[in-house]
Number of protein chains: 2
Amino acid sequence: MEVGLDLHGERNFDLLLRKILHRLTEVMGAERSSIFLLDEEERELRSKVAEGSEEITVPLGVGIAGEVARTGRSLRIPDVYRDSRFDPAFDHRSGFRTHSLLTVPLKTSRSGLIGVVQVLNKTDGGSFNEEDEELAEAFAGIAAVAIETKQLFLELEQSFDAVIKGLNAALDARDPAALGHSFMVQAFADALARIMELPGDQRRLVHYAAALHDFGKIGVPDRILTKQSPLEEAEREEYELHALKTKILLERLNLVGDLAEVAKIAPFNHKRFGGGGFPPGPPEEFEIPLGARIIAVADELHNLRSSRYGNTPLPMDGAVARIAAQQGERFDPAVVAALLKLCPELPAVEAEGRRNYEAVRIHFS
Amino acid sequence: MEVGLDLHGERNFDLLLRKILHRLTEVMGAERSSIFLLDEEERELRSKVAEGSEEITVPLGVGIAGEVARTGRSLRIPDVYRDSRFDPAFDHRSGFRTHSLLTVPLKTSRSGLIGVVQVLNKTDGGSFNEEDEELAEAFAGIAAVAIETKQLFLELEQSFDAVIKGLNAALDARDPAALGHSFMVQAFADALARIMELPGDQRRLVHYAAALHDFGKIGVPDRILTKQSPLEEAEREEYELHALKTKILLERLNLVGDLAEVAKIAPFNHKRFGGGGFPPGPPEEFEIPLGARIIAVADELHNLRSSRYGNTPLPMDGAVARIAAQQGERFDPAVVAALLKLCPELPAVEAEGRRNYEAVRIHFS
């Protein structure tokens, strides 16, 4: 029961697999454990987090793990070197010497077989008995459900990410001169959050808030959005409404849980650290969420690097200097400090943003 | 362990809560159990799936459940009617007579307190002892993690849904004459899938594929997309490319898991059941996924009901008759049969699609 709690409480997939191996080795009184997950499309098993060795793939039905995966039945082998199905290459690669081996399928009622676990060498030197097999199967039942739950979650999160990319591709298609603005700002903001060592959940928020920071621009007319010269006063006012529209839209979308915070960050990247900016109203200076202050710098960096609104693009160091000159007034000095620290990496970060954009870019015919 | 497996394997949230109550009552040898979940914002507990009674809300700190939620410590009460914290209104509403009561907090390491469970009346007539309390706390530990995991999943799924809505709002803003086409098609397709009694995971696929069936239209130039008269031959060819663009885009987005199927459904709603249609190439007739055949009917229904491309909108029965006349040739007779069955509900379904659209509609200034 304690194991089940521990496994299901783990949010990180790799750490979950490591925990499973650690717990399994401990519970079974063994020297080591290993885990293989099924790649259904490829019809093969892939070793995961095998300590001190690279990923191993085994076709379904081949070797001991492959046979357990194929039949769905556990196998106990007292001396693997006397079993023709055992491939000594495993030991050669890991530098470990396997004697007795217990291999158990990972199955769930929803997905069927999802992989196998192997327990290697009892610490007392004996071989695994029927009781060990039952215990390992019970453990595998818990582990399989924990893995499946985590996989479903990761799949949904990847799909969520994919749809946000699609949304940005749709936005950027309206404004080709923006050259993938949302993707570039996201790449810069992610890098700043990393340099500033924000915790994982905060970085996730910055990631999605950056992607959605200009969502309200779908409510800005083409004649303003794509204008290739500086905006007139009335146009600028209409343009600035986009931040308010981002706020209204994100609130309407009703993001929930951790992601609800995105609506509290994304619309506020045009607020000025020293006071003022838009949209009008709260939050006032010093209450602007850190995520919004990060996105403010990322946003301006890409604006200075692009040729929107008839700008002449600046070289990277010129753009950084221009931002640094406005710290305290327009930008948070802490974020500017992170930007200066990030300087040597900026060309690589920019190239990554460009790649993300090109991957989903829509070319109008 | 069996309980843990059973709980974590359950995908439906309400069924999960019911299972928790059923199992808890069984394990504890009690007459009944109830569960309250914390609404952190409202600072109150809400009863869930209490059999035979409506939802009850309890402010944090009030009554027995409220006190356990506030202190995070279990409470055992041998005779609740001698305890001033007990509110007899619970029994009045449920028609149940509570004698002894064990109340245990639901806590996880990630979220802290998420609710409480209550176990009512030992079947042997005695009161709950320390051992019962320990058992209930162990059970509550498993149940809390199962609930939290499911809540995180539901939150992410709701956010995924929200972002798809945002994507559609962005698409529809480009083509105001479409009057929320994606939302309308989704409402019709959802209703058809329901009438056809598709299993839950298939209905989920239809739901998302319908929302994304015109995603490729962001690659269609304005002059074609918003033209208010019938398309010329060359324009029609360019227009038809959108299905191919939907296919390419959805494949690029790299949706994974169950949702990967969306890319295999969404682009094919212009394939004709009797052969032909676009995009050219596989799948050929009779291999068109059912989801795409459903969306084909939903799509045409909204086209006939709207004034795009200079059409005169048809009344609902006229639109249905027009589609029915093309069954076998352009549309799948099974889907047309479902449409005819759905007829009395169609105005309500249409109104629902309209509401979904209005909720996130972007008004250009």
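B:Glu197 is found in the loop that runs between α6 (181–195) and α7 (200–211) of chain B. Helices here are DSSP runs of H or I with at least four residues, strands are runs of E with at least two, and both are numbered from the N terminus. This is a predicted model, in which local features need pLDDT of at least 70, side-chain atom pairs count only at pLDDT 80 or more, and totals for chains, interfaces and linings use all residues. Residues are numbered from 1 along each chain as its sequence is written, while chains are lettered from A and ligands numbered from 1 in the order in which they are written.

**Backbone details in the loops**

B:Glu197 has a phi near 55°, a positive value in a residue other than glycine. In chain A, A:Glu197 also has a phi near 55°, and its place is in the loop between α6 (181–195) and α7 (200–211) of that chain. Are these residues buried or exposed? A:Glu197 is exposed, and B:Glu197 counts as exposed. For these terms, other C-beta atoms within 10 Å of a residue's own are counted, with C-beta atoms placed from the backbone: 20 or more make it buried, 12 or fewer exposed, and anything in between partly exposed.

| Residue | Phi | C-beta neighbours |
|---|---|---|
| A:Glu197 | A:Glu197, near 55° | A:Glu197, 9 within 10 Å |
| B:Glu197 | B:Glu197, near 55° | B:Glu197, 9 inside 10 Å |

Another loop holds a cis peptide bond. In chain A the bond from A:Phe278 to A:Pro279 is cis, with omega near 0°, and A:Pro279 sits in the loop between α10 (262–265) and α11 (290–305). Chain B has a cis bond from B:Phe278 to B:Pro279, again with omega near 0°, and B:Pro279 is in the loop between α10 (262–265) and α11 (290–305) of chain B.

**A residue of helix α10**

Helix α10 of chain B includes B:Val262, which is buried, with 28 other C-beta atoms within 10 Å. Apart from neighbours within four places in sequence, B:Val262 has contacts that include B:Leu205, B:Tyr208 and B:Leu250; two residues are in contact if their C-beta atoms, placed from the backbone, lie within 7 Å.

**The fold of chain A**

Let us step back to a whole chain. Chain A comes to 14 helices and six strands. Its radius of gyration is 27 Å, well over the 21 Å that the globule rule gives for 365 residues, so chain A is more spread out than a compact globule. That radius is taken over C-alpha atoms, and the rule is 2.2 Å times the number of residues to the power 0.38. The C-alpha trace spans about 85 × 45 × 40 Å along its principal axes. Buried residues account for 42% of the 365 residues.

**How the chains meet**

At the interface, 48 residues of chain B are in contact with 48 residues of chain A. Which element gives the most to the side of chain B that touches chain A? It is α5(B), with 22 residues. 100% of the interface residues of chain B are also interface residues in chain A, so the copies meet through the same surface.
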